[in-house]
Amino acid sequence: MTGGTVLVSDIQAEDTGALGHRLRRRAAMLSRQGGGSLIAPSPEGTRVLFPGIRHFVVPVVPGSSLERRGLAVADEIGPHLETLRPRLIHVMGLSCALPALLYARGRAKVVLEPGILPSQELRDSRPDLPADRLVDLVELEDKTLRRADALIAHSMVEMAALVKRGIDGERVFIARDGLPLGVDVGPSPELPHVLVVGDGESSGGSTLPIEALARVKGPWRLTYLLPPGAQTGAIETLARALKLTERVSISRDGDWTNVVSRLNAAKIVVCPLLPTRAMQGGGLVPWGVLLALSAGRALVAADLPAVRAYAGKAARYFMPGDAGALALALDFVLRTDEARFELEAFASEVAESLSWADAEQPVADVWQMLLA
């Protein structure tokens, strides 16, 4: 198949998080619009099965980091594009963009959906790294972003961050993620079961819910829903120190059935994110917020622009990193049924505005514009 559209991603379609959902929706949209090709990694060699989509699997080692997957995909893009000769290339992830842009010169249009930028990830994981060590990386990112024909941002926060880096705002289009599909849960239980959705120690603030709930009276239970391989040493150490081991559990099972089961048992969902570079840049869409909204659960969340962009009025907000403020918010929602019911009603209301149909239309419009 030549002359069509190629979707390139460093995300695994098997992922159950926000990135995996986004990739599957982009592939489904491409299928509905006549089909095309997908270049994306898979640790098991599993192919994405959508009518009219040919999946060129990039083999990766199970548990590979996003950086390693990006490098593996980047190494294989060139030969595939020379064979496919597409008119349009939609790239998800900045690490895959440069090879696509090198091919595209005068031959294809490129849509770039950058998400979290490598420099942001590096600064978040290495806060001690001097800024001048990142100058070359940031300059390369800026050149790559400017060369794309169009960019897809996931909120006004991300769009503003891209414009601040010198990107023409007229080339940036907003497509908010829709809610996770297949979340079928019942009413929230009366038992004070609190669910934290995160990625372990790397998220920062992972121990905050334990610190906060240690100050809240009552027989609450706390469950962390984390991806497989997440680091949990700090969480376990603090639970032992506060003698809360019996009331704190950790689930690293990434199976979607387990995710839904944990949501079903939750009375409140907590999103304790800190203002990291990735979060402030808007490329990180708060997965815990999307899960809470899809399940209609009361949400207690850090007050960050990227969180408000999705949660709106459907959350009880607290100052990021402040265990005392989180304790007050949790105590209020756990003790006050009216407050919880109001948040659940707001969650259902906000959820109606986060459909994948609405999220996909701006992307479809960009494809049509560039192919015209």
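## Strand pairing around strand 11

Two strands pair if DSSP finds at least two bridges between them. Strand 8 (residues 193–197) and strand 11 meet that rule, with three bridges in the parallel sense. The model they belong to is a predicted one.

Strand 11 covers residues 268–271. Ile-268 and Val-270 point one way from this strand, while Val-269 and Cys-271 point the other way. All of these residues are buried. Which residue stands opposite Val-269 of strand 11? That place belongs to Leu-195. Strand 11 also pairs with strand 12 (residues 298–302), again in the parallel sense, over four bridges. Here Cys-271 stands opposite Ala-301 in strand 12.

Seven strands form an open sheet in the order 3-2-1-4-5-6-7, with parallel pairing. Strand 3 (53–59) and strand 7 stand at the edges. Each has a single partner strand, so one side of each is left without a neighbour in the sheet. From one strand to the next, the twist averages 20°. Strands of a sheet pair through backbone hydrogen bonds, either parallel or antiparallel.

Look at one pair in this sheet. Strand 2 (residues 36–42) and strand 3 are joined by seven bridges, in the parallel sense. Within that pairing, Ile-39 has Phe-56 of strand 3 as its bridge partner.

## Helices across the sheet

Helix 6 lies across strand 6 (150–153) and strand 7. The angle of helix 6 to strand 6 is about 140°.

## Where two helices meet

How do helix 4 (residues 118–125) and helix 5 lie relative to each other? Their axes come within 9 Å and cross at roughly 150°. Angles over 145 degrees count as roughly antiparallel, and that makes helix 4 roughly antiparallel to helix 5.

Three residues of helix 4 take part in the contact: Pro-118, Ser-119 and Leu-122. On the side of helix 5 they meet Leu-137, Val-138 and Glu-141. By type, the residues of this contact divide into four nonpolar, one polar and one charged.

## Salt bridges

How many salt bridges does the model hold? The count comes to 16. One of them joins the side chains of Asp-15 and Arg-69, at 3.7 Å from N to O. Asp-15 lies in the loop between strand 1 (5–9) and helix 1 (18–32), and Arg-69 lies in helix 2 (residues 66–84), so the pair ties together parts that are 54 residues apart in sequence. Is Arg-69 buried or exposed? Arg-69 counts as buried, at 9% relative accessibility. Asp-15 counts as partly exposed, at 22%. The cut-off for buried is under 20%.

A second salt bridge links the side chains of Asp-142 and Arg-165, with 2.8 Å from N to O. Asp-142 sits in helix 5 (residues 135–147), while Arg-165 sits in the loop between helix 6 (156–164) and strand 7 (172–174), so this pair ties together parts 23 residues apart in sequence. Asp-142 counts as buried, at 14% relative accessibility. Elsewhere, salt bridges that share partners join Glu-190, Asp-337, Arg-340 and Glu-344 into one network.

Arg-126 and Asp-128 also meet in a salt bridge through their side chains, at 3.3 Å from N to O. Arg-126 is partly exposed, at 38% relative accessibility. Asp-128 is exposed, at 56%.

## A look at Ser-294

Where is Ser-294? Ser-294 has its place in helix 11 (residues 287–295). With a relative accessible area of 18%, Ser-294 is buried.

Leaving aside its neighbours within four places in sequence, Ser-294 is in contact with Leu-179, Pro-180 and Val-183. Take Pro-180 from that list. Ser-294 and Pro-180 are 114 residues apart in sequence, yet their C-alpha atoms are 6.6 Å apart in space.

Definitions and conventions:
Residues numbered from 1 in each chain as written. Predicted model: local features only at pLDDT ≥ 70, side-chain atom pairs only at ≥ 80, totals over all residues. Heavy atoms only, no water. Salt bridge = Lys/Arg side-chain N within 4 Å of Asp/Glu carboxyl O. Buried < 20%, exposed > 50% of the residue type's maximum accessible area, 1.4 Å probe, protein only. Axes fitted to C-alpha atoms, helices over the stretch in contact; angles between N-to-C directions. Contact = heavy atoms within 4.5 Å. Parallel < 35°, antiparallel > 145°, perpendicular 65-115°, else oblique. Nonpolar A, V, L, I, M, F, W, Y, C, P; charged D, E, K, R; others polar.
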